[in-house]
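Here is a briefing on one protein chain. Look over the sequence and the fold first.

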Amino acid sequence: MKLFGHSSRKLSLTACMLIVALFMVACGSANTGGGPTTSAKPGQGCKKIGVLLPETATSARWDNNDRPELQKQIPLALSGATVDYNNAEGDASTQLNQAEADLTKGDCILVVAPVDSTAAAQIVAKAKAATPSVPVIAYDRLIQSKDLAYYVSFDGVAVGKVQGQYIADHYQKYISAGHSNMVMINGAQTDNNALLFKQGAASVIDPLVSAGSLTKVYDQFTPKWDNPTAQNEMDGALSANSNNIQVAYVANDGMANSVIAALKAQQLNGKVLVTGQDATVAGIQNILTGDQTMTVEKNFLLEAQGTAQVVAAISNNTSTSALTNGAMTATSDSGNIPSILEQPVSIDASNFQQVVTDGLMTKADICKGLPANAKNLPAGYCS
């Protein structure tokens, strides 16, 4: 009997352990909240998405275009998804704090357009270390981390090439003997995109400089893409060269508007070829007044849709191969990130209406405050 009693206790203990194990499995399978289960792949089942954009001061695009499109497209692609939105207003530390807050709230996929491409690697590291791990999608600007999940943007080198090629195709209208000077006012060196834009532009411009067709008299990065700084840079370049400047490569429309202000002060607006980027309302209006020569359209809807499709694929644990088409982007720490890279479009006075067709702005946006005698405005367009 003693032996039998000992066996009974062993059987009872085994049965209890089995019941506890079954109960734990049942509890785990009952997780129907916004985040994935601990046994799932990172982001699988996720419906709480954190979107972190970099600033609002230097380009109208982030709050006017990217924010509403991401807030619209993510729930369209992933039914039941919610979006937590934050803007860092140009401060990398603020963006890190915002990411940490999102992780604490249970956001299980992060979409990040970094203030600083290198500093934002901390966001990726903290997301990876979360329980469960949280995938990070770099939006528009690359994050220099091999642990990044995806990168959705426009081909940055192609953007710069579009700007450089426009200069190559049109600079001769602005130069004359002894007057063939150009400046390059680039974006922030902490933004990987600015490096790519310059790389693309230089691939077209440098051969012109080497051939003596253009003389580069100024070439600087602009911290934080700051518009007032860009104006100071142009003021300094004009002063140092006795106003003898014929071409201004400017990386985006916000800085181009400031460069135009510097040119206006010297009565040189409209006499200098000025590039831009982002196809903002101000940029289009400057093109129509003749003060800016071109901009680059990056259709934000395409970026937002691509990002939303990647978010949905992560959550649903489906393949993204048809989205990325094999595109990969290298990071500085030897990473190779699956990427969606859209193609940019050159915009000038001849095709400015494409920005309306593509939904970046309305005709009313363009016409509001635009002088009726704007030199490049088609007759009756704003009537």
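The points below go from the whole chain to its sheets, helices and single residues.

This is a predicted model: local features need pLDDT of at least 70, side-chain atom pairs count only at pLDDT 80 or more, and totals for chains, interfaces and linings use all residues. Residues are numbered from 1 along each chain as its sequence is written, and side-chain values use heavy atoms, with hydrogens and water left out.

**Whole chain**

- The chain holds 13 helices and 13 strands. Helices (H or I, at least four residues) and strands (E, at least two) are DSSP runs, numbered from the N terminus.
- Of the 383 residues in the chain, 48% are buried. Buried means under 20% relative accessible area, exposed over 50%, and partly exposed in between (1.4 Å probe, protein chains only).
- Among contacts in the chain with a separation of 6 or more, 73% join residues 24 or more positions apart. Contact means heavy atoms within 4.5 Å.

**The seven-strand sheet**

- An open sheet of 7 strands runs in the order β2-β1-β3-β4-β5-β12-β11, with mixed pairing. Two strands pair if DSSP finds at least two bridges between them.
- At the edges are β2 (82-87) and β11 (328-330), each of which pairs on one side only.
- From one strand to the next, the twist averages 25°. Axes are lines fitted to C-alpha atoms, for helices over the stretch in contact, and angles run from 0 to 180 degrees between N-to-C directions.
- β4 (residues 136-139) and β5 (residues 150-154) pair in the parallel sense, over 3 bridges. Here Ile137 has Tyr150 in β5 as its bridge partner.
- β5 is also joined to β12 (residues 336-342), in parallel, by 4 bridges. Val152 has Ile340 in β12 as its bridge partner.
- β11 and β12 run antiparallel and are joined by 3 bridges. Met328 stands opposite Pro338 in β12.
- The hairpin of β11 and β12 has 5 residues between the strands, and Ser334 takes a positive phi near 70° there.

- Asn86 lies in β2.
- Neighbours within four places in sequence aside, Asn86 is in contact with Val51, Leu52, Leu53, Gln98 and Asp102.

**The four-strand sheet**

- A second open sheet has 4 strands in the order β7-β6-β8-β9, and its pairing is parallel.
- β7 and β9 (273-274) stand at the edges, each with a single partner strand, so one side of each has no neighbour in the sheet.
- β6 (residues 181-186) is mostly covered, with 6 of its 6 residues buried. Asn181, Val183 and Ile185 are buried on one side of β6, and Met182, Met184 and Asn186 on the other.
- β6 and β7 (residues 215-221) run parallel, joined by 6 bridges. Asn181 stands opposite Thr215 in β7, and Met182 opposite Lys216.
- Helix α5 (residues 156-170) lies across β6, β8 (247-250) and β9, at about 170° to β8.
- Helix α8 (residues 253-265) also packs on this sheet, touching β6, β8 and β9, and its direction makes about 155° with that of β8.

**Helix α2 and helix α10**

- Two packed helices are described by the angle between their axes and the distance between the axes.
- The axes of α2 (residues 61-77) and α10 (residues 300-316) come within 8 Å and cross at roughly 35°.
- The crossing of α2 with α10 is right-handed. A crossing is left-handed if the near helix is turned anticlockwise from the far one by less than a right angle, and right-handed if clockwise.
- The α2 side of the contact includes Arg61, Asp66, Leu70 and Ile74, and the α10 side includes Phe300, Glu303, Ala304 and Val311.
- By class, the α2–α10 contact has 9 nonpolar, 5 polar and 4 charged residues. Ala, Val, Leu, Ile, Met, Phe, Trp, Tyr, Cys and Pro count as nonpolar, Asp, Glu, Lys and Arg as charged, and the others, Gly among them, as polar.
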